Amino acid sequence: MAPAEVVTWAVRSGQLPLTSMASAENEVCAVRKVACPSQTWRPQKVQCGLSGAGQVPFTNMAAGVEGRGGVWMGSRADGPRTSGHVTGKMAVFPWHSRNRNYKAEFASCRLEAVPLEFGDYHPLKPITVTESKTKKVNRKGSTSSTSSSSSSSMVDPLSSVLDGTDPLSMFAATADPVALAAATDSSRRKRDRDDNSVVGSDFEPWANKRGEILARYTTTEKLSINLFMGSEKGKAGTATLAMSEKVRTRLEELDDFEEGSQKELLNLTQQDYVNRIEELNQSLKDAWASDQKVKALKIVIQCSKLLSDTSVIQFYPSKFVLITDILDTFGKLVYERIFSMCVDNRSVLPDHFSPENANDTAKETCLNWFFKIASIRELIPRFYVEASILKCNKFLSKTGISECLPRLTCMIRGIGDPLVSVYARAYLCRALLTEMMERCKKLGNNALLLNSVMSAFRAEFIATRSMDFIGMIKECDESGFPKHLLFRSLGLNLALADPPESDRLQILNEAWKVITKLKNPQDYINCAEVWVEYTCKHFTKREVNTVLADVIKHMTPDRAFEDSYPQLQLIIKKVIAHFHDFSVLFSVEKFLPFLDMFQKESVRVEVCKCIMDAFIKHQQEPTKDPVILNALLHVCKTMHDSVNALTLEDEKRMLSHLINGFIKMVSFGRDFEQQLSFYVESRSMFCNLEPVLVQLIHSVNRLAMETRKLMKGNHSRKTAAFVRACVAYCFITIPSLAGIFTRLNLYLHSGQVALANQCLSQADAFFKAAISLIPEVPKMINIDGKMRPSESFLLEFLCNFFSTLLIVPDHPEHGVLFLVRELLNVIQDYTWEDNSDEKIRIYTCVLHLLSAMSQETYLYHIDKVDSNDSLYGGDSKFLAENNKLCETVMAQILEHLKTLAKDEALKRQSSLGLSFFNSILAHGDLRNNKLNQLSVNLWHLAQRHGCADTRTMVKTLEYIKKQSKQPDMTHLTELALRLPLQTRT
């Protein structure tokens with residue numbers, strides 16, 4: 001929009017403060033007329049005594065202006081001029097405000113409404129694809145038809161595969177070998193499910209751990225690997241060889257292996273190493289598929305040997321994962337081969353088969369594999385390869401695996417490297433998890449192993465078997481590993497995963513029987529801290545109260561709690577994390593006595609902060625529960641009393657935020673007197689935290705406005721006295737604040753609230769206090785730890801203040817526009833920065849205010865408050881006094897423009913000149929010749945010396961021409977002709 005239009009004054013209906021300026025340089029927008037209370041002590045009409053008190057000691061300026069850049073007077077604006085040196089006398093320019101029709105201006109600013117018919121395009125309307133057909137003409141003139149349609153109408157020719165009706169699927173279903181293979185796959189899937197059922201579906205799969213290990217353990221060092229370079233003799237024609245030739249070929253392969261037909265690859269990067277291992281894994285599968293079982297075994301043996309190399313120790317975990325993948329593949333291939341020997345066209349092994357179900361061929365093949373592995377000379381490959389096929393013992397004996405486990409465990413003792421030995425045990429445990437668990441049960445006294453299991457396994461796995469672990473813990477011997485540490489490990493798992501619901505109470509009873517018997521306070525609190533979370537998670541406040549009472553009982557003697565503040569803090573955090581209803585929390589009998597154990601001030605404050613943070617986070621509705629209020633007031637008082645001269649600003653800000661959050665959540669409904677009493681009590685309790693006092697002032701102002709809303713603006717004697725009490729609360733509290741702009745804004749805001757509630761004398765007192773405070777504004781203020789000039793903040797405050805002064809009625813004993821005059825005196829006496837234009841910008845805003853005050857009907861009002869447009873009714877003396885003030889303000893602006901006629905200030909002069917021109921265009925009556933001439937002079941001043949923005953000047957001139965087409969703006973046509981555009985050249 002063009003810059004010459006009037007700024008919008010938007011006032012929300014029935015709400016204050018009024019934060020927008022009453023007049024400025026932009027467009028007029030929507031304004032809702034606000035109704036306000038009538039004053040019985042103000043006359044309906046006020047006679048203006050222009051010679052009375054309250055005159056601003058401004059001197060009208062009529063002095064001559066000399067030098068470059070001065071506002072000059074001439075017979076014609078486009079007449080001849082000298083080269084920038086103009087000498088003339090500046091006249092006193094009379095001000096004439098133009099009459100404003102705010103409703104018409106508002107209507108003209110509205111956007112044109114364009115009806116949208118149903119079915120028209122809309123950006124939020126979903127896009128639909130419709131079928132279309134077109135004919136395309138080729139170069140030879142022939143036509144071809146093309147069509148496009150949505151994908152839903154297309155028929156996939158391969159979709160019939162999914163329902164099994166295609167000929168290939170039906171043909172394959174009738175083939176016996178394929179059916180047999182399907183039966184084998186089905187059996188394999190059943191076995192996999194059975195393996196999972198042994199440890200449970202909650203057991204973390206190896207695939208998850210594998211990815212984590214590979215991503216975590218990496219290296220940038222160079223690696224080496226030994227690859228087996230097997231003979232190629234047995235690759236082709238294997239099926240056609242005679243039995244004697246097959247035996248000869250295998251002997252030759254063994255000879256190659258014995259002779260060390262292998263190749264060492266050096267200086268491999270980690271990725272190259274991983275690629276080589278994957279190639280070996282694929283070679284293993286290819287060799288097995290081509291019936292080269294000996295070559296497959298050689299590959300597995302060579303890979304197992306790699307696990308003895310720990311030269312790059314940080315990469316060893318990832319190497320272990322990669323090599324054991326090959327071992328797992330080999331063990332699975334061997335098992336599947338033996339299992340397939342037990343399956344024929346007539347029968348399939350049951351899910352839980354016994355060795356009697358396996359035929360002799362399968363048993364003989366199984367024994368053959370174990371004998372081959374037993375002949376491996378080196379320990380590490382022999383151990384790993386046998387462990388990989390250990391599951392095949394199921395075909396030979398029911399107890400075969402259990403019998404082999406001790407022997408394999410003893411084999412590990414022969415591995416000298418401790419790292420290799422540990423990982424060998426890890427692989428054995430992974431391969432024989434179920435058997436290891438059974439062995440752990442049978443050992444009975446091995447508490448260390450049991451604690452390792454509970455620490456390493458997933459919490460879900462432990463939680464579902466909680467009673468089994470409790471049974472094993474009971475059977476452990478205290479001398480080896482304390483039982484309370486085992487219960488602590490169990491409690492840590494139960495805090496992460498839920499046990500069966502039927503076992504929960506029994507688990508708590510069994511654990512607490514052991515915990516409560518502990519004599520050492522440190523051992524006790526370390527265990528109790530873990531089990532408090534389990535209690536809060538699954539039980540009611542009664543059980544939690546019992547646990548807290550037991551903690552108090554154990555930690556109070558000899559002031560043992562002083563050495564356990566971290567654990568006690570964790571208990572509090574866990575309790576408040578699970579009890580979001582604070583009425584329930586504070587009804588726990590032992591909760592507040594538990595807080596009394598925090599005797600150290602810093603720890604007590606931290607606990608109070610945790611409680612308040614949880615309250616703000618979880619309390620959804622305002623409360624007036626006396627239990628909650630008394631408890632939290634005590635908590636907030638504890639935080640407030642910790643503030644001293646050494647407290648950091650960040651800490652004060654944090655404490656204030658928490659206390660303010662509590663204050664906002666307190667509501668007594670329609671019992672406004674009780675609400676005000678609470679605010680009075682809070683003011684006395686939290687007087688050292690300024691942000692809390694600011695929040696209390698805002699809360700009291702809001703309370704006054706809620707009273708007004710409830711009474712619909714018609715106060716009774718009781719409510720009128722109540723809102724005056726609210727106003728008095730604010731008036732007394734504001735001076736205790738340190739921040740200068742905080743006080744200024746609160747004086748203005750509270751004055752607006754008083755005005756809305758018909759407390760006119762109190763509103764005047766607030767505004768006078770704000771005016772008297774302006775001289776105390778320092779040149780620099782601290783903003784977020786940095787010193788910044790205050791003038792921009794003062795300008796913002798004064799603009800808001802002017803918006804309010806528009807609707808403040810004059811006091812009959814203080815003269816016309818007494819508040820405006822006092823404010824102008826303060827502005828004139830204030831010491832501004834030498835190179836600052838803020839004072840002139842403020843005077844421009846004052847000119848906008850006075851122009852708005854000269855209108856017959858003001859832009860906005862307050863319900864039941866008669867502003868000066870009602871009191872004076874357009875009285876000529878009032879308007880004359882208003883215009884006189886405008887002339888004085890204009891003289892000050894022009895005087896300042898004169899002082900900017902220096903080379904370094906020409907750009908500022910151009911900017912301020914154009915701003916003043918826009919103000920006159922928006923608010924002045926340009927039918928007055930002198931005012932019209934002044935606007936022309938300002939236009940030339942803005943363009944002089946090439947400092948004006950050409951685009952802005954063009955837009956402004958276009959706007960003037962557009963406005964001149966309106967019926968009451970035809971005089972702008974002549975003005976536009978007198979405003980030439982100048983180029984920089």
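Which residue in S8 is the bridge partner of Ile781? In the predicted model described here, that partner is Arg788. The pair belongs to an antiparallel arrangement in which four bridges join strand S7 (residues 780–783) to strand S8 (residues 786–789). The two strands form a hairpin with two residues between them. In the turn, Asp784 has a positive phi of about 55°.

The protein chain as a whole contains 40 helices and eight strands. Of its 985 residues, 47% count as buried. Among contacts with a separation of 6 or more, 72% are accounted for by residues 24 or more positions apart. The chain exposes about 50,800 Å², and 52% of this area is supplied by carbon and sulfur atoms.

In soluble globular proteins, nonpolar side chains tend to be buried together. The largest nonpolar core of the model comprises 206 residues, and Trp531 and Phe662 are the residues with the most contacts inside it. A second, separate core has 61 residues, including Ile326, Phe330, Phe383 and Cys392. Leaving aside residues up to four places away in sequence, Trp531 touches Phe487, Arg488, Leu490, Gly491, Leu494, Ile507, Leu508, Ala511, Trp512 and Ile515. Phe487 is also touched by Glu510, along with Ile470 and Lys474, when residues up to four places away in sequence are not counted. Glu510 is found in helix H18 (residues 504–515). Its relative accessibility is 14%, so Glu510 counts as buried, the cut-off being under 20%.

Phe662 is one of the buried residues of helix H26, together with Leu655, Ser656, Leu658, Ile659, Asn660, Gly661 and Ile663. This helix spans residues 649–664 and has 16 residues. From its first C-alpha to its last, H26 reaches 22 Å, close to the 22 Å expected at 1.5 Å a residue. Its buried residues pack against four helices: H24 (601–618), H25 (626–641), H27 (672–685) and H28 (690–711).

Helix H8 (residues 316–341) holds Thr329. With a relative accessible area of 17%, Thr329 is buried, because this value is under 20%. Beyond residues up to four places away in sequence, Thr329 touches Asn281, Leu284 and Lys285. The C-alpha atoms of Thr329 and Val300 are 9.6 Å apart in space, and the two residues are 29 residues apart in sequence.

Backbone angles were also examined. Most residues other than glycine have a negative phi, and most peptide bonds are trans. Arg559, although not a glycine, has a positive phi of about 50°. Arg559 is found in the loop between helix H20 (541–555) and helix H21 (565–578). With a relative accessibility of 41%, Arg559 counts as partly exposed. Lys712 is likewise a residue other than glycine with a positive phi, near 55°. The place of Lys712 is the loop between H28 and helix H29 (717–733). Lys712 has a relative accessible area of 68% and is therefore exposed, the cut-off being over 50%.

Methods
Residues numbered from 1 in each chain as written. Predicted model: local features only at pLDDT ≥ 70, side-chain atom pairs only at ≥ 80, totals over all residues. Heavy atoms only, no water. Expected span 1.5 Å × (residues − 1). Buried < 20%, exposed > 50% of the residue type's maximum accessible area, 1.4 Å probe, protein only. Contact = heavy atoms within 4.5 Å. Areas by Shrake-Rupley, 256 points an atom, 1.4 Å probe, with all protein chains shown as cover. Core = buried A, V, L, I, M, F, W, Y, C linked by side-chain atoms within 4.5 Å. Pairing = 2+ DSSP bridges.
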